Amino acid sequence: MDKLSLNQRAALLSIVMLVVGLLVWELSIPAQKAVGELTEYERLTGGGAPKAGVPPPSQVLAKAWEQLSNPFYDAGPNDKGIGIQIGYSIYRVLTGYLMAALVAIPLGFLIGMSPVAYRALNPFIQVLRPISPLAWMPLALFIIQDSEASAIFVIFICSIWPMLINTAFGVAGVRKDWVNVARTHELGPLKTAFTVILPAAAPTIVTGMRISIGIAWLVIVAAEMLVGGTGIGYYVWNEWNNLDLTSVIFSILMIGVVGMLLDAAFGQLQRAVAYAE
Amino acid sequence: MSKSFLSIENLTQRYPDGQGGELTVFENASFTVEEGEFVCILGHSGCGKSTIMNILAGLAEPTSGAVIMDGQEVSGPSLDRGVVFQNYSLLPWLSTLANVTFGVAARHPKWSRAEVREHSLKYLEMVGLKGDVVHRKPSQLSGGMRQRVSIARAFANHPKLLLLDEPFGALDALTRGTIQDELLKIWRGSNQTVFMITHDIDEAILLADRILLMTNGPYARVAESVEITIPRPRNRTAIVEHPNYYAIRNHLVQFLGIRSRELAGQPADGGMQRPARVHIDLTAEGEAEEAEPEPSGARTPPALRAVNI
Ligand SMILES: Nc1ncnc2c1ncn2[C@@H]1O[C@H](COP(=O)(O)OP(=O)(O)OP(=O)(O)O)[C@@H](O)[C@H]1O
Ligand SMILES: [Mg+2]
């Protein structure tokens, strides 16, 4: 045991925990009777219909195998592959998120650079920020009149705050010495913003972007449950209505995996812009 | 007087003292620096040297007073005034080389990438940084190496006025000597003016044409301007043999040790505070009064002719 590195030992422990967890889960679920073994009475009272019991992991794995081996099939509005559903969700998240970044980062720059702008905008930010993004949904649906665009709007509104606040905070906190270096070299305001302030504040800005993408991914599931049609959130809800708990559990896991990948991508970006003082 | 290259007139700096009152760092400080002159300023920590330098650089606005360079009032930073900051102020996300090319490219916007790079490498090499080191980030350098990068960045731009805030503070004696020599070489080969803050008396005597002495704050004063009457080129080891060396050194030590405290804390009473000119020369026969071998702590040792102008 001593010869394994810390990482190897941790990985080993993870696998053990996974296997034990799955085993306990598998064993704790009573096997369902096959249809042939049902009595007349059971058949009449509906006992034969798949009970909304929690499926064992073996079934979830089988489902995952089935879904992931053909993720992009499209058999009508209520039957699309998991890949297509996730694709829709990611598309909405990225669209809303990018629009938010385009607003939040320049605005955050302005707020960070100018104490007047900071004070003027602060009350609005303080009031708007704590609003649950889903609370905007009815208003968005009414004004935009389009469920797709409303979902994107909700993503926009929920991802804007962490980026805005972190950008403002990062820009305001840029060391005066570095700005002075730009000043003694007679750099103009735009050049200073791009060559000194942006790289100096980048770690804080990217942290805000990472928080935002996490929130956006949390919110899209709920938003899609509300607006319906397509997307992973709708898929979960739809499978729940079909009482297909295997699919529900499978899609929950997929939501987790995609969220993790999005976060990892921003983690990578964070490392790229980090610097040691 | 207004014909001087650099003229500091009635410079006053006050800060809120954090308890509702005011802290006057210095008041009505006035002195001049000639073109091509090498001036060092000596004073205890906290007396306001960096504050004066930031004002000269155009980075800070004095509470009142003016700085006039080349007949024009300094109203902001300029590439004509290169600064080596006390804390190096390197950009930590750029490599060592990029920290220097950053400045060179700003100075010479028309130069090609290769020219900028070559020029920067030359100056990095001059301060003893070459090879792999130039691709490292400042955080991967020692304190002395960072200071050298900062020196290279300022020197590479050939500003008319070089403002150096304790540029050699973090260097070991050997590197310090080499870079002092390089600085002198650059300065001699150009008609750059150098204004340098230092805590090291021997360094000041070696480098400067004139040393400005500051009293302690608050109400610090640039009290004296001591001419270094030792001919150039000066040599680190030979300089101590010069008859004026110890006389000047003793005067400086005595000022910093005793008089900087005694003269502290006197408001200017509205008058222009010009430094007294001190000329110590034991070689010029007849003109110089006798040197007192060990200044006894008197306010003005008799050996010195302190002439107020
Ligand atoms: N922004 C500021 N606000 C208030 N007081 C300040 C400010 N900047 C400097 N001071 C005060 O001004 C005085 C002079 O500071 P300065 O940095 O010029 O000293 P210095 O002579 O360069 O010292 P050192 O040799 O330690 O670098 C100090 O007493 C300091 O507390
Ligand atoms: Mg200082």
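In this predicted model, A:Gly83 lies in helix α4 of chain A, which spans residues 82-113. A:Gly83 counts as buried, because its relative accessibility is 16% and the limit for that class is under 20%. Between the C-alpha atoms of A:Gly83 and A:Ile157 there are 26 Å, with 74 residues separating the two along the chain.

**Chain A: annotated regions**

An unreviewed UniProt entry assigns the feature "domain: ABC transmembrane type-1" to residues 86-266 of chain A. Within residues 86-266 of chain A, 86% of the chain is helix and 0% is strand. Residues 6-25 of chain A are 100% helix and 0% strand, and their end C-alpha atoms lie 28 Å apart. For residues 216-237 of chain A the corresponding values are 82% helix and 0% strand, with 18 Å between the end C-alpha atoms.

Helix α8 of chain A, residues 176-184, contains A:Ala182. With a relative accessibility of 1%, A:Ala182 is classed as buried. The C-alpha atom of A:Ala182 is 7.1 Å from that of A:Val196, a residue 14 positions away along the chain. A:Glu186 is located in the loop between α8 and α9 (189-227) of chain A. The phi angle of A:Glu186 is near 55 degrees, which is a positive value in a residue other than glycine. A:Glu186 is partly exposed, with 45% relative accessible area.

**Chain B: the annotated domain and local features**

For chain B, an unreviewed UniProt entry gives the feature "domain: ABC transporter" at residues 6-241. This span of chain B is 30% helix and 26% strand, and its end C-alpha atoms lie 33 Å apart.

Strand β1 of chain B, residues 6-16, includes B:Asn10. B:Asn10 has a phi angle near 50 degrees, a positive value in a residue other than glycine. The relative accessibility of B:Asn10 is 27%, so this residue counts as partly exposed.

Strand β2 of chain B, residues 22-33, holds B:Glu27. B:Glu27 is buried, with a relative accessible area of 13%. The side chain of B:Glu27 makes a polar contact of 3.2 Å with the side chain of B:Arg14.

The peptide bond between B:Arg232 and B:Pro233 is cis, with omega at about -5 degrees. B:Pro233 belongs to the loop between β10 (222-227) and α7 (243-262) of chain B.

Residues around ligand 1 include B:Tyr15, B:Val25, B:Lys49, B:Thr51, B:Glu166 and B:His199. By class, this shell is made up of 3 nonpolar, 7 polar and 2 charged residues. Helix α1 of chain B (residues 49-57) gives the most to the shell, with 3 residues.

| Residue | Part of the residue | Distance to an oxygen atom of ligand 1 |
|---|---|---|
| B:Gly46 | polar backbone atom | 2.8 Å |
| B:Cys47 | polar backbone atom | 3.3 Å |
| B:Gln86 | N or O atom in the side chain | 2.8 Å |

On its own, ligand 1 has 640 Å² of accessible area, of which the protein covers 62%.

**Chain B: the magnesium ion**

Which protein atoms are donors of the magnesium ion, ligand 2? The protein donors are OG of B:Ser50 and OE1 of B:Gln86, at 1.8 to 2.3 Å from the ion. This pair links distant parts of the chain, its members being 36 residues apart. B:Ser50 sits in helix α1 of chain B, whereas B:Gln86 is in the loop between β6 (81-84) and α2 (96-107) of chain B. B:Ser50 is partly exposed, at 24% relative accessibility. B:Gln86 is likewise partly exposed, with a relative accessible area of 40%.

Methods
Residues are numbered from 1 along each chain as its sequence is written. Chains are lettered from A and ligands numbered from 1 in the order in which they are written. This is a predicted model: local features need pLDDT of at least 70, side-chain atom pairs count only at pLDDT 80 or more; totals for chains, interfaces and linings use all residues. Side-chain values use heavy atoms; hydrogens and water are left out. A residue is near a molecule or strand if one of its heavy atoms lies within 4 Å of it. A polar contact is a pair of N or O atoms within 3.5 Å; within protein, one must be able to donate a hydrogen and the other to accept it, and residues adjacent in sequence count only if both atoms are side-chain atoms. Accessible areas come from the Shrake-Rupley method with a 1.4 Å probe; for residues, only the protein chains shown count as cover. Helices (H or I, at least four residues) and strands (E, at least two) are DSSP runs, numbered from the N terminus. Ala, Val, Leu, Ile, Met, Phe, Trp, Tyr, Cys and Pro count as nonpolar, Asp, Glu, Lys and Arg as charged, and the others, Gly among them, as polar. UniProt positions are given in the numbering used here, feature names are shortened, and annotations may be inferred rather than shown by experiment. Donors are N, O and S atoms within 2.8 Å of the metal (3.2 Å for Na, K and Ca); water is not among the atoms, so sites may look incomplete. Buried means under 20% relative accessible area, exposed over 50%, partly exposed in between (1.4 Å probe, protein chains only).
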